[in-house]
Amino acid sequence: KEWQRLDQLWQEFDLSIREFVHFLTLAFGEELSGEEESCDNTAWAKMDTDRSGGLSVEEWRQAVENIGYFGPSSVVFALLDRDDDGVISFSEYEVLERYRPK
């Protein structure tokens, strides 16, 4: 039973990320991150407005609000912040490419 709950929880996390990626694709087209973090026409560039190469929790909240996303952004942040340092780096953000519809 406990494994079923964990599986259900993971499925909800996975769905949250897929919905976020779907939103980004609709809002910005196919360019989520581009080849380099300096690409100006990507979702990453629109979110990392100070060009620091990372998004703190507060920057993330402001960025998702600015782009009009109203889903569970805290969950997405927590899942992307793999090293748990409170900042999403460009390389951590690039994981979203795996969730793009094929």
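**From a loop to the helices around it**

Mentor: T49 is found in the loop between α2 and β1, the strand of residues 54-56. Before going further, please note that this is a predicted model, in which local features need pLDDT of at least 70 and side-chain atom pairs count only at pLDDT 80 or more, while totals for chains, interfaces and linings use all residues. Residues are numbered from 1 along each chain as its sequence is written, and side-chain values use heavy atoms, with hydrogens and water left out. Helices (DSSP runs of H or I, at least four residues) and strands (runs of E, at least two residues) are numbered from the N terminus.

T49 has a relative accessible area of 62% and is therefore exposed. Here exposed means over 50% relative accessible area, buried means under 20%, and partly exposed lies in between, with a 1.4 Å probe and protein chains only. Between T49 and E59 there are 9.0 Å from C-alpha to C-alpha, and the two are 10 residues apart in sequence. R51 has its place in that loop between α2 and β1 as well. With a relative accessible area of 45%, R51 is partly exposed. R51 is not a glycine, yet its phi is positive, about 55°.

D84 is found between α4 and β2, the strand of residues 87-89. Its phi is near 55°, a positive value in a residue other than glycine. D84 is exposed because its relative accessible area is 68%. A positive phi, near 85°, also belongs to G29, the residue that follows α1.

The protein has five helices and two strands, and from the N terminus on its elements run α-α-β-α-α-β-α. Of its 102 residues, 35% are buried. Contact means heavy atoms within 4.5 Å. Among contacts between residues at least 6 apart in sequence, 55% join residues at least 24 apart. The protein exposes about 6500 Å², and carbon and sulfur atoms supply 50% of this area; accessible areas come from the Shrake-Rupley method with a 1.4 Å probe, and for residues only the protein chains shown count as cover.

F77 lies in α4, and a relative accessible area of 6% makes F77 buried. Setting aside neighbours within four places in sequence, F77 is in contact with L55, S56, V57, W60, G86, V87 and I88. One of these, V87, is 10 residues from F77 in sequence and 8.6 Å from it in space, C-alpha to C-alpha.

The axes of α3 and α4 come within 10 Å and cross at roughly 135°; axes are lines fitted to C-alpha atoms, for helices over the stretch in contact, and angles run from 0 to 180 degrees between N-to-C directions. That angle makes α3 oblique to α4. Angles under 35 degrees count as roughly parallel, over 145 as roughly antiparallel, 65 to 115 as roughly perpendicular and the rest as oblique. V57, W60 and V64 of α3 make the contact with S73, V76, F77 and L80 of α4.

Helix α1 meets α4 as well. The two axes come within 9 Å and cross at roughly 100°, so α1 and α4 are roughly perpendicular to each other. W10, F13, S16, I17 and F20 of α1 meet V75, V76 and L79 of α4.

What of α1 itself? Its 27 residues, 2-28, should span 39 Å at 1.5 Å a residue, and its end C-alpha atoms are 39 Å apart, which agrees. The expected span is 1.5 Å times one less than the number of residues. Buried in α1 are D14, S16, I17, F20, V21, L24 and T25. An α-helix has 3.6 residues a turn, so residues three or four places apart point the same way. The buried residues of α1 pack against α2 (43-47), α3 (57-66), α4 (73-80) and α5 (90-93).
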